[in-house]
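Me: Got a model open here and I'd like to go through some contacts. Can you take my questions as they come?

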Amino acid sequence: DTLLAIPDEAEIVAFYDPKPEQSRALLHPAQRDLPIYDDLSALIRDHHPEAAMVFLPNNVRPAALTELAEAGIHIFGGKPVAGSAGALAATAEAIAR
């Protein structure tokens, strides 16, 4: 809802969910026509967003954060971002580059 309140500052272009069939009903009605990808690489290829908000389970979040960082996309992630510091090492390296 927060991003919907600032349409001149932020545009939501797509969503990623490994199980998209469950997601559409959870979206705000204004977002239900946006594409939902089950392939993060395809979302990046098709939309190359400036930034991404990442709220995924800890077992898949580090890989998603790393892929986004390697694509040069600014990332915002909910805490905790990984199950352990070691799981986040590749992401930290990608961000540093």
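Me: Leaving out residues up to four places away in sequence, what does Ile73 touch?
Reply: Ile73 touches Ile44, His48, Pro49, Glu50, Ala51, Ala52 and Leu68. Contact here means heavy atoms within 4.5 Å.

Me: What should I know about the model itself?
Reply: This is a predicted model: local features need pLDDT of at least 70, side-chain atom pairs count only at pLDDT 80 or more, and totals for chains, interfaces and linings use all residues. Residues are numbered from 1 along each chain as its sequence is written, and side-chain values use heavy atoms, with hydrogens and water left out.

Me: Which residues make up the largest nonpolar core?
Reply: Nine residues: Leu40, Ile44, Ala52, Val54, Leu56, Ala64, Leu65, Leu68 and Ile73. A nonpolar core is a set of buried Ala, Val, Leu, Ile, Met, Phe, Trp, Tyr and Cys residues joined through side-chain atoms within 4.5 Å. Buried means under 20% relative accessible area, exposed over 50%, partly exposed in between (1.4 Å probe, protein chains only).

Me: Which elements give two or more residues to this core?
Reply: Helix H1 (40–47), strand E3 (51–54) and helix H2 (61–70). The largest share, three residues, comes from H2. Helices (H or I, at least four residues) and strands (E, at least two) are DSSP runs, numbered from the N terminus.

Me: Switching to charges. How many salt bridges?
Reply: Two. The rule is a side-chain nitrogen of Lys or Arg within 4 Å of a carboxyl oxygen of Asp or Glu.

Me: What does Arg45 pair with?
Reply: Asp46, with the closest N and O atoms 3.2 Å apart. Arg45 counts as exposed at 61% relative accessibility. Asp46 is partly exposed at 43%.

Me: And what is the partner of Glu70?
Reply: Arg97, with the closest N and O atoms 3.4 Å apart. Glu70 lies in helix H2 and Arg97 in the segment after helix H3 (89–96), so the pair ties together parts that are 27 residues apart in sequence.

Me: Are those two buried or exposed?
Reply: Glu70 is exposed at 53% relative accessibility. Arg97 is exposed too, at 66%.

Me: New topic. Where is Leu27?
Reply: In the loop between strand E1 (15–16) and strand E2 (36–37).

Me: Buried or exposed?
Reply: Leu27 is buried, because its relative accessible area is 11%.

Me: What is Leu27 in contact with, beyond its neighbours within four places in sequence?
Reply: Phe15, Arg32 and Ile36. Leu27 and Phe15 are twelve residues apart along the chain, and their C-alpha atoms are separated by 9.8 Å.
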